[in-house]
Amino acid sequence: MEELLKAIAQGLVDDPDAVEVTADEPDARGNVVYHLHVAEDDMGRVIGKQGRIAKAIRTVMKARATKEGVRVQVDID
């Protein structure tokens, strides 16, 4: 899952080397929180107008998580 999120983000930004993805341990309900870190100049590219790109990234991640039978949340830091 981390690789998928990193690959999506690297395709969107100007500085793909600055992309970092970290994951928290699953909580009591089994939710895993992924933290996406990008360069400050690329933040707008990842969020998009009115958050459309960020919403699309979260949708793709949730679809993949459903296929694997887990729950995920994506935070863009």
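A residue is described here as buried when its relative accessible area is under 20%, as exposed when that area is over 50%, and as partly exposed in between. These terms are applied below to a predicted model.

The description begins with the salt bridges, of which the structure holds two. In one of them, the side chains of R45 and D14 meet, with a distance of 3.1 Å from N to O. R45 belongs to helix 2, residues 43-47, whereas D14 is found in the loop between helix 1 and strand 1; the pair therefore ties together parts that are 31 residues apart in sequence. R45 has a relative accessibility of 41% and so counts as partly exposed. D14, at 57% relative accessibility, counts as exposed because its value lies over the 50% limit. The other salt bridge joins R64 to E68, and their closest N and O atoms are 2.9 Å apart. Both R64 and E68 lie in helix 3, where four residues, about one turn of the helix, separate them. An α-helix has 3.6 residues a turn, so residues three or four places apart point the same way. R64 is partly exposed, at 35% relative accessibility, and E68 is likewise partly exposed, with a relative accessible area of 42%.

Attention now turns to the interior. In soluble globular proteins, nonpolar side chains tend to be buried together. The largest nonpolar core of this model has 18 residues, and those with the most contacts inside it are L5, Y34, L36, V46 and M61. At least two residues of this core come from each of helix 1 (2-12), strand 2 (31-37), helix 3 (52-68) and strand 3 (71-76). Helix 3 gives the most, with four residues.

Helix 3 itself has 17 residues and reaches 25 Å from its first C-alpha to its last, which is close to the 24 Å expected at 1.5 Å a residue. Its buried residues are A54, I57, M61 and A65. Seen down the axis of helix 3, these buried residues fall within an arc of 70°, and they therefore line one face of the helix. The elements that cover them include helix 1, strand 2, helix 2 and strand 3. On the face turned away from the buried side, helix 3 carries the exposed residues R52, K55, T66 and K67. Just after helix 3, G69 takes a positive phi of about 80°.

The strands pair in two senses. Strand 1, residues 20-23, and strand 2 run antiparallel and are joined by four bridges; within this pairing, V21 stands opposite L36 in strand 2. Strand 2 also pairs with strand 3, in the parallel sense and over six bridges. V32 stands opposite V72 of strand 3, and Y34 has V74 as its bridge partner in strand 3. Six of the seven residues of strand 2 are buried, so this strand is largely enclosed by the rest of the structure.

In a regular strand the side chains alternate between the two faces of the sheet. Strand 3 has a covered face, made up of V72, V74 and I76, and an uncovered face, made up of R71, Q73 and D75.

Two further positions complete the description. Q50, in the loop between helix 2 and helix 3, has a positive phi of about 55° although it is not a glycine. At 75% relative accessibility, Q50 counts as exposed. A7 is placed in helix 1 and is partly exposed, with a relative accessible area of 48%. The C-alpha atoms of A7 and V19 are separated by 9.2 Å, and the two residues are 12 residues apart along the chain.

Note on methods: Residues numbered from 1 in each chain as written. Heavy atoms only, no water. Core = buried A, V, L, I, M, F, W, Y, C linked by side-chain atoms within 4.5 Å. Buried < 20%, exposed > 50% of the residue type's maximum accessible area, 1.4 Å probe, protein only. Pairing = 2+ DSSP bridges. Salt bridge = Lys/Arg side-chain N within 4 Å of Asp/Glu carboxyl O. Expected span 1.5 Å × (residues − 1). Arc of directions from axis to C-beta. Contact = heavy atoms within 4.5 Å.
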